[in-house]
2 protein chains.
Amino acid sequence: MEVAELKGVIRDLETLKLSIPQDPSLHASLDQLMSRVGHLMEVAKFAPSRREKVKDMSAEVVDSNPYSRLMALQRMGIVDNYEKIREYSVAIVGIGGVGSVAAEMLTRCGIGRLLLYDYDKVELANMNRLFFRPEQVGMTKTDAAVQTLSDINPDVVLESYTLNITTVQGFETFMSSLKHKSFRPSKDGIGVDLVLSCVDNYEARMVVNQACNELNQTWMESGVSEDAVSGHIQLLIPGETACFACAPPLVVASGVDERTLKREGVCAASLPTTMGVVAGLLVQSTLKFLLKFGHISPYLGYNSLKDYFPTLEMRPNPQCSNAACLERQKEYLLAQPARDAAAATVKAKLEAEALSAVECPLHADNEWNISVVDDIEPSTMDASSSDVLPEGLARELPTADAHQNLSVAGSADASVEDLDDLRKQLEALNAD
Amino acid sequence: MEVAELKGVIRDLETLKLSIPQDPSLHASLDQLMSRVGHLMEVAKFAPSRREKVKDMSAEVVDSNPYSRLMALQRMGIVDNYEKIREYSVAIVGIGGVGSVAAEMLTRCGIGRLLLYDYDKVELANMNRLFFRPEQVGMTKTDAAVQTLSDINPDVVLESYTLNITTVQGFETFMSSLKHKSFRPSKDGIGVDLVLSCVDNYEARMVVNQACNELNQTWMESGVSEDAVSGHIQLLIPGETACFACAPPLVVASGVDERTLKREGVCAASLPTTMGVVAGLLVQSTLKFLLKFGHISPYLGYNSLKDYFPTLEMRPNPQCSNAACLERQKEYLLAQPARDAAAATVKAKLEAEALSAVECPLHADNEWNISVVDDIEPSTMDASSSDVLPEGLARELPTADAHQNLSVAGSADASVEDLDDLRKQLEALNAD
């Protein structure tokens, strides 16, 4: 509701009052009308108002900077250049329990452009997962998502596609939207930097797989079990890792909609917790991929009943049924010498840098006041100097000298427990 | 914005039009006004409207049932009685990046009652994490949370406490609100079933620790590192596990606000991904604790750079500096014989049930049509019967007979990778 529009109504009413005859009852009803609109204006002042767009991401630490805590990742040494995130385009297929939260996380991280694909509508039955609100029931998931996301961060370019990618027409639009490069014409490859699959059925996953194999596009797959307590994410690089068709499930739906296979009146369970964790892991991998930090697990599982997070790696199947996958595998093998040469160049460069680093300090400004100390054994350290703490800090426990017999309860048991756990996991794997 | 109020404005304008003289320009401006208000009414129709309260949680599979996917957890055999969640009260201290998402997850799960504690206001600098929206900037976090949560699920009883628990007055209110039992007078112990600590500093954690030790209240602690890429959750049962003072950090703030210790202009980094994962793990543990399913890790870490999730267990420190902790430890040891006796009774009961189960089928109705089959070796199975699939299903891969030499690329490598990972972890732990 626009306060400005209501102001216009009041202005018009005032003009009207001046131009009508001096009839007391007419003027009284006009006054009543104006006070009514005035009240509406008061209410409207508390209605949602959007924040201004931000031109450059600033690292300034003020309450009004929506990017200060993200730009701090640079200062902390986690990423080299956070602002590069504004150049990237991510496509999210399936705006359900995982996809909608992934979209919100990327929006709040200030991603450049999001492409959202879904054909479904918001229902009250979706309210047990994050993101959608009861007042959005009946809207398409893409429209509701654009509404919420553009309010949260007007800097993100949002493109919504209300379509089913498993139809012929839907697939064509899906492919052409992925290829479109007007957002950043200079980029290599197609128009998006990553595709996230957040769909809930095998057929749609196979379609995303087909598209990404054809387009030679890296993508990430996610899924949550029907009993709501497990999930996984997976990185798929055409030709380099297994594609989704390289090791398909053993039994699949054939010629019918998978969802009609479910028994009448029975629906899958879902939890905001499991889906939130899977979305968090998925977008964390997305950030690592786009901003080049940390290790991206090729496959990461989440078994919530046991708090177990298995990881594994899957190489492509040379007898994969997907023709585009086989082509990408061939290309990947052909490019092996070029990759080896590039790796050798990087290695040589790093070695040269390491040599020159001996001659000059690595961080001349030393913003964090970190200094390199000799690796002396604690027992030989000079107590008088090591005991000095900066102003405002105090030791929580007495020094080791004062309480030699103090039992440190936790740590010893802890690592033993951890070892036992690992041994059990090893035994279970060996038994397979 | 009330559609009804705007309708009233239009009605008044119509009455006005009838009572003023037949002046064309007057009537034209009145018509313009009416179309303007009519447009506002259209816009207002899409403004938030809240859903009705739900008396009982239904498992009915219809789009309009907000609880169908949660009640399905019962049908799937994950929980015994999902609806019991409506009896429970959870206190969340700190409604920031983790606490607000935890509150939303519990609200969407249909928790009975939430108690929210925070003294801070919403800032644009919070927008890089989930939950708060730009239009809530300036509101207290507790008010903004109640606004959003009551729209999402009007069935949840929300209590908000805008206070600082580290002040004398704040601590008193905190304690008395935890004790208050009017929501479910018949419950054992104090008025809440679990306390979740989602604060960002040591001082506040020690206050929650003090309160829970004094009240003998189980709680869970959560935290995210200043570089935004690690986090943890921890279960604390007074007397049984280490309390937060049993193994405190080695260096802590002394007599000053911790936040002033940070360098001018430097702020901690934060990410919606890490905080979303930590909130998801925290509320997953909360659901396991309240609804009694799965294993609750005493401590679960999340190292996002390596996708590593360490677990450990910490026993209480017999020389803990917290007097209430020492008292709880004494009580716990004294109650050991009673616990042993109870465990023996449960064991005997389970054995008796196992014996009687042999005599009658466990699930007489067999809703999922699951039948027990003999554990025959695959090679000796009758191919003609095992090859029959239900209608609508087809095998994705040819049978093993047809393609004996088909290489299954992924699985073999996968488990080897996994074993290597585990071996490396073991070696790292042994080296400590």
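A charge is taken to sit over a ring if NZ of Lys or CZ of Arg is within 6 Å of the ring centre and within 35 degrees of the ring normal.

**View 1. A:Arg339 over the face of A:Tyr332.** In this predicted model, where local features need pLDDT of at least 70, side-chain atom pairs count only at pLDDT 80 or more, while totals for chains, interfaces and linings use all residues. Side-chain values use heavy atoms, with hydrogens and water left out, residues are numbered from 1 along each chain as its sequence is written, and chains are lettered from A in the order in which they are written. A:Arg339 lies 3.6 Å from the ring centre of A:Tyr332.

**View 2. The charged end of B:Arg339 over the ring of B:Tyr332.** The distance to the centre of the B:Tyr332 ring is 3.6 Å.

**View 3. Aromatic pairing of A:Tyr117 with A:Tyr161.** Rings of Phe, Tyr and Trp (its six-membered ring) pair if their centres lie within 6.5 Å, and planes under 30 degrees apart count as stacked, over 60 as edge-to-face and the rest as tilted. By this rule there are eleven aromatic pairs over all chains. The centres of A:Tyr117 and A:Tyr161 are 4.9 Å apart and their planes are at 10 degrees, so this pair is stacked. A:Tyr117 belongs to strand E2 (residues 113-118) and A:Tyr161 to strand E3 (residues 157-162) of chain A, 44 residues apart, strands being DSSP runs of E with at least two residues, numbered from the N terminus. Both A:Tyr117 and A:Tyr161 are buried, a term that means under 20% relative accessible area (1.4 Å probe, protein chains only).

**View 4. B:Tyr302 and B:Phe309 within a cluster of rings.** With centres 5.2 Å apart and planes at 15 degrees, the rings of B:Tyr302 and B:Phe309 are stacked. B:Tyr302 is buried at a relative accessible area of 2%, and B:Phe309 counts as buried at 10%.

How values were computed: Helices (H or I, at least four residues) and strands (E, at least two) are DSSP runs, numbered from the N terminus. Buried means under 20% relative accessible area, exposed over 50%, partly exposed in between (1.4 Å probe, protein chains only).
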